[in-house]
Amino acid sequence: MECTNNKHPFVFLFSLVFLTPLVCSQLYYNFYDSTCPNLTRIVRYNVLSAMNNDTRIAASLLRLHFHDCFVNGCDGSVLLDTTSTFTGEKNALPNKNSVRGFEVIDTIKSALEKACPATVSCADILTLAAREVGKSKGPFWVVPLGRRDGTTASESEANNLPSPFDPLENITAKFVAKGLELKDVAVLLGAHTFGFAQCFTFKARLFNFGGSGKSDPTLDGSLLQNLQNLCPNQASSDTNLAPLDPVTTNTFDNIYYRNLLNNSGLLLSDQALMGDNTTASLVNMYSKWPLLFFRDFAVSMEKMGRISVLTGQQGQVRTNCRFVN
């Protein structure tokens, strides 16, 4: 069941927010209104506090939500710690020493357990925290709530997350398998408008593109030089960080798409959007119309937030996001 008001593509985002029905499958926009009325305020306060201390955290929370939803659905499984009797997803290759923001979710959960014990799921907390990209000048959308927390995790499925090394066809196939489509790929990759990537995720473009021993000829020359200085051709630079958008690094905007038009996409999977007629057309459109990008990003995020959710009596509401009750 679709619950997005996207029949009129030029309706402002606020129309999307306020005209959307109160129910979406078994998720409801007013799910916690009576059981935890201060939920949004508590989440927002703690995310803003974290952002004041760490300019990267908004992008990190958005990525954490993505990595959650693409493995077992949006069930908070990415938050679970590995123990002697349980294997979580944090040590999967795409997550280890990479995904972050767990402490922010812990802080929010602790505050909510005081305000409304055993009520708000970790999956819903993560979904709401990711929505706060709006505080980095990005879009705002109303989040349907009522997700329950999973009691399992899958390290193997986490190892199959969409990767910066994947060709566009493989990334698209992984999106389609989750009920999304090619447009969602172009839209959600726009989250790379802020945040950072480790050098190893794109270093081959700088020094040995396709095994040629040379740099990627499509990469903008000025950007290439800057990246080679930041990521010298040695293993010790693999974990150095480069901004995904060097122009407006900490701001959620549409500059990412302008960068792609200038052959300045950092990851090969980003620049690959220009190699497909459909996604290239979207890149061109979003580069000109930031409000259209914001509107479509809100729609795609809401779609992603509904992937294989647990509701009703399924799963549980964890009291500690790192462990199954």
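The protein splits into domain 1 (38–159) and domain 2 (168–305), with bounds that come from an automatic or database domain assignment. This is a predicted model, in which local features need pLDDT of at least 70 and side-chain atom pairs count only at pLDDT 80 or more, while totals for chains, interfaces and linings use all residues. Residues are numbered from 1 along each chain as its sequence is written, and side-chain values use heavy atoms, with hydrogens and water left out.

The C-alpha centres of the two domains sit 23 Å apart. Across the boundary, 23 residues of domain 1 are in contact (heavy atoms within 4.5 Å) with 20 residues of domain 2.

Then there is the greasy part. A nonpolar core here is a set of buried Ala, Val, Leu, Ile, Met, Phe, Trp, Tyr and Cys residues joined through side-chain atoms within 4.5 Å, and buried means under 20% relative accessible area (1.4 Å probe, protein chains only). The largest such core has 70 residues, and L39, L62, L79, I105, L112, L273 and F297 touch the most other members. Setting aside neighbours within four places in sequence, I105 is in contact with L61, L64, L79, I125, L126, A129 and C321. A second, separate core of 14 residues includes L219, L227, L266 and L267.

Terms used:
Buried < 20%, exposed > 50% of the residue type's maximum accessible area, 1.4 Å probe, protein only.
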